[in-house]
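Please have a look at it first.

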Amino acid sequence: MIEAFDAGILEFFQQIHNPVLTGIYEFFTSIGEAGIVWILAGILLLIKSEHRKYGCILLLSLLMCLIFGNGLLKNLIARPRPCWRHPEVEMLIGIPRDYSFPSGHTFSSFAGAVSIFYWNRRYGCIAFGLAALIATSRMYFYVHYPTDIIAGAVMGTAMALLSICIIQRTEEKRRK
């Protein structure tokens with residue numbers, strides 16, 4: 001059942017390929033590489049002292065995504081990417097060398113979006129839109145299954161919420 005779900009959605013993305021959409025998705029997948037857009041957002045939040053707490057939340061959540069997602073889960077689960085299993089599919093971007101589950105782009109994007117939403121709802125809504133575009137780009141380019149994306153979104157959200165709790169408790173302890 002899960003395989004049919006994954007295959008159906010990936011097939012949909014294969015059917016909508018066109019040069020314009022490919023260019024758009026190349027942009028979004030590239031700014032999601034290594035969480036760069038979210039790292040930059042975190043650094044920008046660190047600049048002003050009144051936003052520093054939110055920058056710490058964002059950067060801590062990204063660090064936890066890196067350790068838990070890319071460092072632990074990808075290697076523990078070792079799920080092959082769809083492009084590895086179906087080499088007959090024409091690739092529009094380079095083939096990643098690490099495992100598929102969970103999607104690191106999605107993991108960090110949703111951690112970033114939740115963290116930004118916690119700081120500012122208006123910017124957070126924009127961040128969620130960006131996270132969704134980055135996440136769908138990974139299916140468009142046939143490098144992640146939809147279940148990798150869903151797991152990345154859920155776990156990225158969890159890492160951001162955990163980071164919020166950690167930073168709030170740290171602040172409370174400092175005040176005492």
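What percentage of the 176 residues in the protein chain do buried residues make up? Buried residues make up 44%, where buried means under 20% relative accessible area with a 1.4 Å probe, on protein chains only.

## Ground rules

This is a predicted model, in which local features need pLDDT of at least 70 and side-chain atom pairs count only at pLDDT 80 or more, while totals for chains, interfaces and linings use all residues. Residues are numbered from 1 along each chain as its sequence is written, and side-chain values use heavy atoms, leaving out hydrogens and water.

## Overall fold

The protein chain has 8 helices and 0 strands; helices here are DSSP runs of H or I with at least four residues, strands are runs of E with at least two, and numbering starts from the N terminus. Along the principal axes, the C-alpha atoms fill a box of roughly 60 × 35 × 25 Å.

Of the contacts (heavy atoms within 4.5 Å) between residues at least 6 apart in sequence, 76% join residues at least 24 apart.

## The nonpolar cores

A nonpolar core is a set of buried Ala, Val, Leu, Ile, Met, Phe, Trp, Tyr and Cys residues joined through side-chain atoms within 4.5 Å. The largest one has 32 residues, and Trp38, Leu58, Ile116, Leu130 and Ile134 touch the most other members. Its largest share, 7 residues, comes from H7.

Leu130 sits in helix H7 (residues 121-140) and counts as buried because its relative accessibility is 19%. Beyond its neighbours within four places in sequence, Leu130 contacts Phe28, Ile31, Val37 and Trp38. A second, separate core of 9 residues includes Met64, Cys65, Phe107 and Ala111.

## The lining of the largest pocket

The residues lining the largest pocket divide into 10 nonpolar, 9 polar and 5 charged; Ala, Val, Leu, Ile, Met, Phe, Trp, Tyr, Cys and Pro count as nonpolar, Asp, Glu, Lys and Arg as charged, and the others, Gly among them, as polar. Helix H4 (52-77) and helix H6 (104-119) each supply at least two lining residues, and H4 gives the most, with 7 residues.

How values were computed
Buried means under 20% relative accessible area, exposed over 50%, partly exposed in between (1.4 Å probe, protein chains only).
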